[in-house]
Amino acid sequence: MNFIDTHCHLDTYEEHSAESFESLRERIETPPEAYIHVACDPEAFEDARIRSESYFDVFATYGIHPEYVHTYEQNKYLLPDYWKHPRCVGCGEFGLDYHYGKENKELQRSVFEDQLEMALNTQKAIVLHLREAEEDSLSILKNAPLQNAKIHVHCFTSNASFAEELLKISNNIYIGFTCIITFKNAQNVRKAVEVIPLNRLLLETDAPYLAPVPHRGTPAHSGMIPHIADKIAELKNTDIENVYFTTRENTRYVYGI
């Protein structure tokens with residue numbers, strides 16, 4: 001089985017697990033071909049650059065997450081140089097989070113639009129964080145020139161209707177699913193998997209968050225991707241080999257690796 005963890009936070013994994021990435025790489029029973037390490041706090045950009053240069057199987061993306069929108073104006077100048085780095089494969093994650101950010105929706109929208117405009121000038125994938133902000137997310141994306149952009153809507157937590165609306169916007173929008181699809185109360189997310197074509201899905205852990213059943217309460221890591229693939233195969237009524245092959249080709253298309 002060949003797969004890439006298309007979204008993980010290796011620095012945060014080390015913090016949550018008290019285990020080094022070096023140790024993790026050595027012990028994973030089913031290792032990924034590569035890790036896409038996401039730096040979404042400007043203070044973590046340099047660490048991501050060093051990691052991506054130090055390991056042949058680590059690539060990086062850089063963006064300013066909605067949690068850090070208050071730092072955007074003083075840090076957005078950093079983004080173009082990091083996005084040009086040869087080990088950078090994407091811009092993001094950035095977007096909207098109304099679960100934790102109800103008090104600054106206007107600022108979030110402004111930062112999302114500005115960051116998206118900047119990212120569209122690159123040839124890199126765009127990684128979006130869209131949480132409990134369906135209406136504004138669709139409005140912004142529908143009004144952006146996305147024709148040539150490859151977009152990864154990461155860690156999908158909404159419903160089938162939102163997924164279908166996203167896919168209508170562009171043929172280059174792909175949706176990432178985490179181990180949330182194994183959670184008992186995530187029927188809405190499983191319904192979304194059922195309506196999204198397999199050739200528009202990506203596998204990701206968002207490690208160290210969202211460990212699967214039966215590992216809840218432990219830090220998630222990239223070796224847990226098979227839990228996601230198994231559940232997708234069940235929901236799509238297809239062979240697990242088909243899930244791995246198709247999502248691997250999707251990753252190659254979106255990220256170029």
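A pocket, as the word is used here, is an open set of grid points with protein on both sides within 12 Å along at least five of seven lines. The model on your screen is a predicted one, and by that definition its second largest pocket has a volume of about 210 Å³.

Start there by selecting Thr122, Gln123, Asn148, Ala149 and Lys150, which lie nearest the centre of this second largest pocket among the 15 residues that line it.

Next, select the strands. Eight of them form an open sheet in the order β1-β2-β3-β4-β5-β6-β7-β8, with parallel pairing. Because β1 (4–8) and β8 (201–203) stand at the edges with a single partner strand each, one side of each is left without a neighbour in the sheet. Within the sheet, strand β5 (residues 125–131) pairs with strand β6 (residues 151–153) over three bridges, and if you pick Leu128 you will find its bridge partner, Val153, in β6.

Finish at the largest pocket, whose volume is about 790 Å³. Select His65, Glu67, Asp97, His129 and Tyr209, which lie nearest its centre among 34 lining residues; α1 (10–17), β2, β4 and β5 are the elements giving two or more residues to this lining, which by class holds 12 nonpolar, 11 polar and 11 charged residues.

Notes:
Residues are numbered from 1 along each chain as its sequence is written. This is a predicted model: local features need pLDDT of at least 70, side-chain atom pairs count only at pLDDT 80 or more; totals for chains, interfaces and linings use all residues. Side-chain values use heavy atoms; hydrogens and water are left out. Two strands pair if DSSP finds at least two bridges between them. Helices (H or I, at least four residues) and strands (E, at least two) are DSSP runs, numbered from the N terminus. On a 1 Å grid over the protein atoms alone, a cavity is a set of points where a 1.4 Å probe fits but cannot get out, and a pocket is an open set with protein on both sides within 12 Å along at least five of seven lines; lining residues have an atom within 4 Å of a point. Grid points are joined across faces, edges and corners, and a volume is the space filled by probe spheres set on the points. Ala, Val, Leu, Ile, Met, Phe, Trp, Tyr, Cys and Pro count as nonpolar, Asp, Glu, Lys and Arg as charged, and the others, Gly among them, as polar.
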